[in-house]
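Morning, everyone. Let me put the model up on the screen, and then I'll talk you through it.

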Amino acid sequence: MKILTTILEHSSVYRLWQSPFAAAKFAPVVTENDLATVRRVLDVGCGPGTNAGHFVHAEYLGVDWNPRYVEAARKRHSGTFTVADVTRYHVEASDRFDFILVNSLLHHLDDESTGRLLKHLSQLLADDGHVHILELVRPTKGIIAARLAGWDRGSFARSLEHWQSLLESTFDPVLIQPYSVGVYGIALWNMVYFKGSRPRQ
Ligand SMILES: C[S@@+](CC[C@H](N)C(=O)[O-])C[C@H]1O[C@@H](n2cnc3c(N)ncnc32)[C@H](O)[C@@H]1O
């Protein structure tokens, strides 16, 4: 598993591995939102800029701690990309975002780090903005889905109920949509799309 992790940390290998699935993972965001109206995007754990192409019309900031991914993202996309550990990185609260994307990051973080990060993100959300979280749901059955969840290198794939309670402890839910990503009708990843707004005080 360590060798696989090292290989996947190269941006070209990661993109090759993810490219057939990136659009399917992001599909509920496209279906449920009018991305043309988005003004300011924060992409937390942006990888090699996997989703940056959807936001060429907007002001976009991507943050990832892998310098190889960030370098690759800068070559391919026009936004701003920063190398940082998102659990420590602090964006000025005056720079609020109407679209905060967290795609397949939180299963790399334990509950405590996730809780802290979500709290910080809630302070960065514009009043009319939303957080969009796409996450891996821990497979309860299916050998393929269980293997692939492991290959994605995160140690914290959670059950749907666990995601729901973790995310709703910081954001008011607007939408919680379980879905799966796969080929020929075989589910490779069980996912959940959570769209949330700033909690009402
Ligand atoms: C499964 S990838 C998802 C990348 C991208 N969001 C996508 O949809 O393809 C998880 C990403 O989170 C990044 N990551 C994990 N922990 C991080 C941390 N503490 N700070 C910043 N980035 C982190 C990894 O480098 C990787 O790019």
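So, at what angle do the axes of helix α4 and helix α6 cross? Roughly 40°, with the axes of α4 (residues 111-124) and α6 (residues 160-168) coming within 10 Å. Axes here are lines fitted to C-alpha atoms, for helices over the stretch in contact, and angles run from 0 to 180 degrees between N-to-C directions. α4 and α6 are therefore oblique to each other; under 35 degrees would be roughly parallel, over 145 roughly antiparallel, 65 to 115 roughly perpendicular, and the rest is oblique.

Quick housekeeping. This is a predicted model, so local features need pLDDT of at least 70 and side-chain atom pairs count only at pLDDT 80 or more, while totals for chains, interfaces and linings use all residues. Residues are numbered from 1 along each chain as its sequence is written, and side-chain values use heavy atoms, with hydrogens and water left out.

Now the overall picture. The protein chain has 6 helices and 7 strands; those are DSSP runs numbered from the N terminus, helices being H or I with at least four residues, strands E with at least two. In sequence order the pattern reads α-α-β-β-α-β-β-α-β-α-α-β-β. Of the 201 residues, 49% count as buried, meaning under 20% relative accessible area, with exposed over 50% and partly exposed in between (1.4 Å probe, protein chains only).

On to the sheet. It's open, with 7 strands in the order β3-β2-β1-β4-β5-β7-β6, and the pairing is mixed. Strands pair if DSSP finds at least two bridges between them. At the edges sit β3 (80-83) and β6 (172-183), each pairing on one side only. From one strand to the next, the twist averages 15°. Take β2 (residues 59-64): it runs parallel to β3, joined by 4 bridges, and Leu 61 stands opposite Thr 80 in β3. Helix α3 (residues 67-76) packs on the sheet there, touching β2 and β3, and its direction makes about 165° with that of β3.

Which residues make the contact with α6? From α4, Asp 111, Thr 114 and Leu 118; from α6, His 162, Leu 166 and Leu 167. That contact divides into 3 nonpolar, 2 polar and 1 charged. Contact means heavy atoms within 4.5 Å. For the classes, Ala, Val, Leu, Ile, Met, Phe, Trp, Tyr, Cys and Pro are nonpolar, Asp, Glu, Lys and Arg charged, and the others, Gly among them, polar.

Is Thr 114 buried or exposed? It's at 0% relative accessibility, so buried. Not counting residues up to four places away in sequence, Thr 114 touches Leu 106, Leu 109, Arg 158 and Leu 166.

Last stop: Leu 105, in the loop between β4 and α4. At 12% relative accessibility, Leu 105 is buried too. Leaving aside neighbours within four places, Leu 105 contacts Val 44, Gly 45, Val 86, Leu 117 and Glu 135.
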